[in-house]
Amino acid sequence: MGSDNSIVYTCFCTDIIHEGHLNLINEAKKYGDVVVGVLCDAQMVKYNRFPLKSTSERVKLVEEIPDVSKVIIQDQIMYDKVVEELRPDYIIHGDNWSEDSMKVIRQNIVDVLDKYGGELIEVPYTFNENIQKVDRQMREQLSMPELRRGRLKKLLDMVPVVKTIEVHSGLTGLIAEKTVIADEEHIDQFDAMWVSSLCDSTEKGKPDIELVDMTSRFRTINDIMEVTTKPIIFDGDTGGIAEHFVYTVRSLERMGVSAVIIEDKIGLKKNSLFGTEVKQTQDEIGHFCEKIAAGKNAQLSDDFMIIARIESLILEQGMEDALKRAFAFRDAGADGIMIHSRRKEPDEILEFCDKFREKDKETPIVVVPSSYNTITEEELIKHGVNIVIYANQLLRAAFPAMQNAAKSILKHHRAHEIDEELLSIKDIITLIDEL
Ligand code: SPV
Ligand code: MG
């Protein structure tokens with residue numbers, strides 16, 4: 001046990017204090033003065049899930065625990081920085097290290113303690129029925145429309161760039177929700193989901209020409225919402241006529257969608273990646289501004305966002321036209337600007353961002369690096385980008401894999417040859433948790 005002035009450190013990333021936390025503190029105080037780190041919001045979304053309470057509210061929660069001597073904010077999920085500053089004699093942690101991300105964190109703790117002879121105390125992790133129930137209730141709260149809707153705006157203030165992945169079903173929603181990567185330095189996950197018109201249509205075997213109607217698109221959203229908690233950005237195509245768009249805005253808000261992006265095209269919309277190979281018409285600036293204003297006027301909540309998408313670079317109308325539209329759409333009320341390009345190089349996107357940022361430091365910029373896919377998030381951040389959307393990769397990954405399986409079965413007149421490339425029967429029947 002520690003001497004009188006020993007320091008015991010632990011870090012909490014929770015919105016509520018339950019008996020598991022109290023057990024840990026009880027154990028900790030046997031070793032010395034208990035210092036608790038509260039993981040900051042930005043790191044909590046990478047490591048765990050979106051916090052229901054702000055960092056300062058979570059600090060207050062921990063300060064109220066009687067045996068805690070001091071509360072600090074831990075601003076990195078890895079412990080080395082905070083530990084080198086605090087030099088605790090002990091770090092105390094539950095023995096729940098089974099996930100990859102937990103293993104990486106454990107190693108980081110062991111390495112930093114080794115440097116000066118600190119000790120890791122591992123106590124049995126409390127995970128009884130009561131705690132499981134509390135945990136489930138927290139997740140359920142996160143999926144409620146009122147709470148989910150505003151989460152995109154909050155993320156924009158919290159993280160350097162909102163990493164958004166395409167989803168088109170409950171299953172892809174689960175991939176966006178649950179995929180976490182962990183290596184020595186990083187733990188990361190996606191922040192938000194994009195309900196792409198291209199992928200939603202393709203999944204239904206239909207072309208991306210606004211043929212799949214809103215009722216059907218809303219059903220896709222509902223399937224995703226039922227099994228996820230992350231914010232949703234909806235690809236609203238052209239938004240249709242203003243008189244229809246206002247209804248779409250109300251429905252999306254009610255469902256708990258965080259943002260709709262509408263593009264400045266009119267008439268028969270085709271996918272942007274066709275560019276000028278097919279006939280596509282750009283809307284007039286004034287007319288599109290009226291649609292944005294009508295949508296903003298119809299909106300009931302403060303936290304829903306209408307983002308205007310500019311097709312000038314796609315339709316080869318030039319940079320000046322793109323910038324002119326961006327400022328006009330912003331002035332009409334757009335909460336963000338999406339700029340699209342189908343070039344292999346990111347140059348025109350970066351030029352747009354730099355020129356837009358010269359005059360506007362605030363309005364969020366959204367990009368979709370499908371064709372200029374060598375650019376990294378870090379470079380995009382440097383040019384003022386706030387949301388990056390990976391718009392179609394999950395669907396494109398699934399199609400060749402499925403086609404390959406179908407061909408193999410046809411060729412071999414049995415399924416044996418493809419089996420080892422597939423998810424095991426055990427994994428598929430246990431993939432989806434039951435309540
Ligand atoms: C989509 O994902 O449907 C989009 C982006 O609108 S793009 O396909 O690049 O036009
Ligand atoms: Mg689309």
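This is a predicted model: local features need pLDDT of at least 70, side-chain atom pairs count only at pLDDT 80 or more; totals for chains, interfaces and linings use all residues.
Local features require pLDDT of at least 70 and side-chain atom pairs pLDDT 80 or more, whereas totals for chains, interfaces and linings use all residues. Residues are numbered from 1 along each chain as its sequence is written, and side-chain values use heavy atoms, without hydrogens and water.

An unreviewed UniProt entry places the feature "domain: Cytidyltransferase-like" at residues 15–114; such annotations may be inferred rather than shown by experiment. The span is 48% helix and 19% strand, and its end C-alpha atoms lie 31 Å apart. Helices (H or I, at least four residues) and strands (E, at least two) are DSSP runs, numbered from the N terminus.

Turning to the rings, the structure holds seven aromatic pairs. Rings of Phe, Tyr and Trp (its six-membered ring) pair if their centres lie within 6.5 Å; planes under 30 degrees apart count as stacked, over 60 as edge-to-face and the rest as tilted. One of the pairs, Phe-218 with Phe-234, is tilted, at 6.3 Å centre to centre and 55° between the planes. This pair links distant parts of the chain, with Phe-218 in helix H11 (residues 214–227) and Phe-234 in strand S10 (residues 232–235), 16 residues apart. Both Phe-218 and Phe-234 are buried, where buried means under 20% relative accessible area, exposed over 50% and partly exposed in between (1.4 Å probe, protein chains only).

The pair of Phe-327 and Phe-356 is stacked, because the ring centres are 5.0 Å apart and the planes meet at 20°. Here helix H14 (residues 319–331) supplies Phe-327 and helix H15 (residues 347–359) supplies Phe-356, 29 residues apart. Phe-327 has 15% relative accessibility and therefore counts as buried; Phe-356 is buried at 0%. Ring pairs join Phe-327, Phe-352 and Phe-356 into a cluster.

Arg-151, in helix H8 (residues 151–158), lies over the face of Phe-50, 5.2 Å from the ring centre. A charge sits over a ring if NZ of Lys or CZ of Arg is within 6 Å of the ring centre and within 35 degrees of the ring normal.

Finally, the backbone deserves a look. Most residues other than glycine have a negative phi. Glu-316, in the loop between strand S14 (305–310) and H14, has a positive phi of about 55°. Glu-316 is exposed, with a relative accessible area of 57%. His-413 also has a positive phi, near 55°, and is found in the loop between helix H17 (393–412) and helix H18 (425–430). With a relative accessible area of 71%, His-413 is exposed.

Technical notes:
Chains are lettered from A and ligands numbered from 1 in the order in which they are written.
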